[in-house]
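Let's take a walk through this fold, beginning with the overall layout and ending among the aromatic rings.

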Amino acid sequence: MADIRKILCALDFSPMSPRVADYAATLARALNVPLHAVYVAPTLKRYGSFAVAEESIENFVGAILAGARETMDEFAAKHFEGLEATTSVEMGYAPEALIAVAKEQGCGLIVMGTHGRRGIDRIVFGSVAEKVVKTSPLPVLTIHPPLGGS
């Protein structure tokens, strides 16, 4: 039998995030387990070789993380009310960071959205969800956009 003691809800604050949160919250309630919501901000290391003051990059990153934490707090209060839920904002390569946080938190399931990209967009941008599904030692539930968009 599956041993799910905690659920990781991966968020990107896109219009899909409330749908992903609803699935994660529904499962957490049904299984009577806590939930950990996480947002992963991309690193800006690749811009370090440009003629930009390092402190400017650090200030920008700090502002991104502060804004993401505030957004996460507001999102969690609205979508995880009544649940035992914790949150975090991480920085890094999203697929690796999500799997690492899931392991650190002792999660047994990752719930995340897909953007439903197709064709050239998928080739160019790839898919965080696809990379997590392919590399995660944990089961991953992917939530697709409803037919017709959103």
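Start with how the chain meets itself: among contacts between residues at least 6 apart in sequence, 80% join residues at least 24 apart. Keep in mind that this is a predicted model. The chain has 150 residues, and 38% of them count as buried.

Now for the layout. There are five helices and five strands, and reading along the sequence gives the pattern β-α-β-α-β-α-β-α-α-β. The five strands make an open sheet in the order S3-S2-S1-S4-S5, with parallel pairing. At the edges sit S3 (85-91) and S5 (140-143), each pairing on one side only. Ignoring direction, neighbouring strands in the sheet are turned by 20 degrees against each other on average.

Zoom in on S2 and S3, which run parallel and are joined by seven bridges. Here Leu35 stands opposite Ala85 in S3. Helix H3 (residues 94-105) packs on the sheet, where it touches S1, S2, S3 and S4; its direction makes about 155 degrees with that of S2. H1, for its part, lies across S1, S2, S4 and S5 and runs at about 175 degrees to S1.

What about the interior? The largest nonpolar core has 28 residues, and Cys9, Leu35 and Phe80 touch the most other members. Two or more residues come from each of S1 (7-11), H1 (17-31), S2 (35-41), H2 (54-79) and S4 (109-113). H2 gives the largest share of this core, seven residues. Apart from it lies another core, this one of 16 residues, including Val40, Ile110, Met112 and Val132.

Phe80 is worth a stop. Leaving out residues up to four places away in sequence, Phe80 touches Cys9, Ala21, Ala25, Leu35, Ala37, Phe75 and Ala85.

A search of the whole structure finds three aromatic pairs. In one of them, the rings of Phe75 and Phe80 have their centres 6.1 Å apart and their planes at 65 degrees, so this pair is edge-to-face. Both rings belong to one aromatic cluster, together with Phe13 and Tyr39.

Methods. Residues numbered from 1 in each chain as written. Predicted model: local features only at pLDDT ≥ 70, side-chain atom pairs only at ≥ 80, totals over all residues. Heavy atoms only, no water. Core = buried A, V, L, I, M, F, W, Y, C linked by side-chain atoms within 4.5 Å. Buried < 20%, exposed > 50% of the residue type's maximum accessible area, 1.4 Å probe, protein only. Helix = DSSP H or I, 4+ residues; strand = E, 2+ residues; numbered from the N terminus. Contact = heavy atoms within 4.5 Å. Phe/Tyr/Trp six-rings, centres within 6.5 Å; stacked < 30°, edge-to-face > 60°. Pairing = 2+ DSSP bridges. Axes fitted to C-alpha atoms, helices over the stretch in contact; angles between N-to-C directions.
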